[in-house]
Amino acid sequence: MLVTLVVAGHKQGTMSLYQAYEVENDPLPKVGDVCVILDGKNQPTSVVVNTAIEILPFNDVTAHHALLESEGDKTLAYWRRVHIDFFTHAYTPESEIKFTPESLVVF
């Protein structure tokens, strides 16, 4: 469960597609933003503060980014595999959001 990784201090980063913010008309995260992390029962588990925001092409994500996300075996290869799968299947073909390896991501 991801919340366990957050609470334990292992998961220190997360990634989303830049296009999703544009299409959904959501503001980009900013340094200093505060977020409450909820568990599977919508109960608060922790509070996190954004200390850095990076916008970069998916292909430029590094092993360090993958390690900060702290999922799976924590390698860049694992990170790329699961995120390509997620980003290519998360949006319907009719969606305005189209993932390519050059797509910008928000970390």
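Buried residues are those with under 20% relative accessible area, exposed residues those with over 50%, and partly exposed residues those in between, using a 1.4 Å probe and protein chains only. The model shown is predicted, so local features need pLDDT of at least 70 and side-chain atom pairs count only at pLDDT 80 or more, while totals for chains, interfaces and linings use all residues. Residues are numbered from 1 along each chain as its sequence is written, and side-chain values use heavy atoms, with hydrogens and water left out.

**View 1**
Asparagine 25 is found in the loop between α2 (18-23) and β2, where helices (H or I, at least four residues) and strands (E, at least two) are DSSP runs numbered from the N terminus. Most residues other than glycine have a negative phi.

**View 2. Helix α4 and the side that it buries.**
Helix α4 covers residues 76-89, and its end C-alpha atoms are 20 Å apart, which agrees with the 20 Å that its 14 residues should span at 1.5 Å a residue; the expected span is 1.5 Å times one less than the number of residues. The buried residues of this helix are Trp79, His83 and Phe87. They cover an arc of only 40° around the axis, so they lie on the same side of α4, the arc being that of the directions from the helix axis to the C-beta atoms. These buried residues pack against β1 (16-17), α3 (63-69) and β5 (104-106), with contact meaning heavy atoms within 4.5 Å. On the other side of α4, Ala77, Arg81 and His89 are exposed.

**View 3. A nonpolar patch on the surface.**
Val34, Val36, Leu38, Val47 and Val49 form this patch, and together they have about 450 Å² of accessible area, a value from the Shrake-Rupley method with a 1.4 Å probe in which, for residues, only the protein chains shown count as cover. Patches are made of residues with over 30% relative accessible area and no salt bridge, with like charges joined within 9 Å and nonpolar side chains (Val, Leu, Ile, Met, Phe, Trp, Tyr) within 5 Å. Strands β2 (34-38) and β3 (44-49) each give two or more residues to the patch, and the largest share, three residues, comes from β2. Valine 34, which lies in strand β2, is exposed, with a relative accessible area of 55%.

**View 4. Threonine 45 in strand β3.**
Threonine 45 is partly exposed, at 32% relative accessibility. Not counting residues up to four places away in sequence, threonine 45 touches Val3, Val7, Ile37, Leu38 and Asp39. Leucine 56 is 11 residues from threonine 45 in sequence, and the two are 29 Å apart in space, C-alpha to C-alpha.

**View 5. The one salt bridge of the structure.**
Aspartate 33 pairs with lysine 30, the closest N and O atoms being 3.7 Å apart; a salt bridge is a side-chain nitrogen of Lys or Arg within 4 Å of a carboxyl oxygen of Asp or Glu. Aspartate 33 is partly exposed, with a relative accessible area of 24%.
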